[in-house]
Amino acid sequence: MNGLDQLLRLQKWTLDEKRRQAADLTALIERLQSDIAKLDDEVAREIEIARGDLEASRHLPPYREMMAKRRERLEQSVADVALELERMRDEIAEAFSDIKKTEQTIQNRQERRRQAIARR
């Protein structure tokens, strides 16, 4: 029984660690999305500046192209992290299932012991 208790403790620790990792991934996605929003705001400000300044309007197309590429990279990062988060959620579900199986095994063994004691 002691081995099962240790296994259960390890499984719970693993589940907690996976939940922390999922929370970190969620925070990273939020930060990347915030970076995208800031980038969009910056581009909008530069467009406004370019409307009133001929020199700035000449530099606007390369600037917008560079920012579009940066936005693409950020969006790809969000997609990559979201995929990793989905994988982590699957691992969390599997770890939770393993915990429930171990708990059920412990409970079944305890019940069999009680029945054996009652028969004696």
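Analyst: Gladly! One thing to keep in mind is that this is a predicted model.

User: Why is the pair K12 and E103 called a salt bridge?

Analyst: The rule asks for a side-chain nitrogen of Lys or Arg within 4 Å of a carboxyl oxygen of Asp or Glu. For K12 and E103 the N to O distance is 3.9 Å, so the pair meets the rule. As background, side chains of opposite charge can pair when their charged atoms come close.

User: How many salt bridges does the rule give in total?

Analyst: The count comes to twelve salt bridges. Among them is R71 with E75, whose closest N and O atoms are 2.0 Å apart. R71 and E75 are four residues apart in helix α2, so about one helical turn separates them.

User: Why are R71 and E75 called partly exposed rather than buried or exposed?

Analyst: Buried means under 20% relative accessible area and exposed means over 50%. R71 is at 26%, so R71 falls in between. E75 is at 35%, so E75 gets that label too.

User: What about R87 and E91?

Analyst: R87 forms a salt bridge with E91, with the closest N and O atoms 2.0 Å apart. Both lie in helix α2, four residues apart, about one turn of the helix. Salt bridges that share partners join R87 and E91 with K18 and E84 into one network. R87 is partly exposed at 37%, and E91 is partly exposed at 23%.

User: How do you know whether Q11 is buried or exposed?

Analyst: Q11 has a relative accessible area of 14%, which is under 20%, so Q11 counts as buried. Q11 lies in helix α1 and touches D98, I99 and T102, leaving aside residues up to four places away in sequence. Across the protein chain, buried residues make up 23% of the 120 residues.

User: Last one: how do you know whether the protein chain is spread out or a compact globule?

Analyst: The secondary structure comes to two helices and zero strands. The radius of gyration is 27 Å, well over the 14 Å that the globule rule gives for 120 residues, so the protein chain is more spread out than a compact globule. The C-alpha atoms fill a box of roughly 95 × 15 × 15 Å along the principal axes. Of the contacts with a separation of 6 or more, 82% come from residues 24 or more positions apart. Finally, the accessible surface is about 8900 Å², of which 51% belongs to carbon and sulfur atoms.

How values were computed:
Residues numbered from 1 in each chain as written. Predicted model: local features only at pLDDT ≥ 70, side-chain atom pairs only at ≥ 80, totals over all residues. Heavy atoms only, no water. Buried < 20%, exposed > 50% of the residue type's maximum accessible area, 1.4 Å probe, protein only. Contact = heavy atoms within 4.5 Å. Rg over C-alpha atoms; globule rule 2.2 N^0.38 Å. Areas by Shrake-Rupley, 256 points an atom, 1.4 Å probe, with all protein chains shown as cover.
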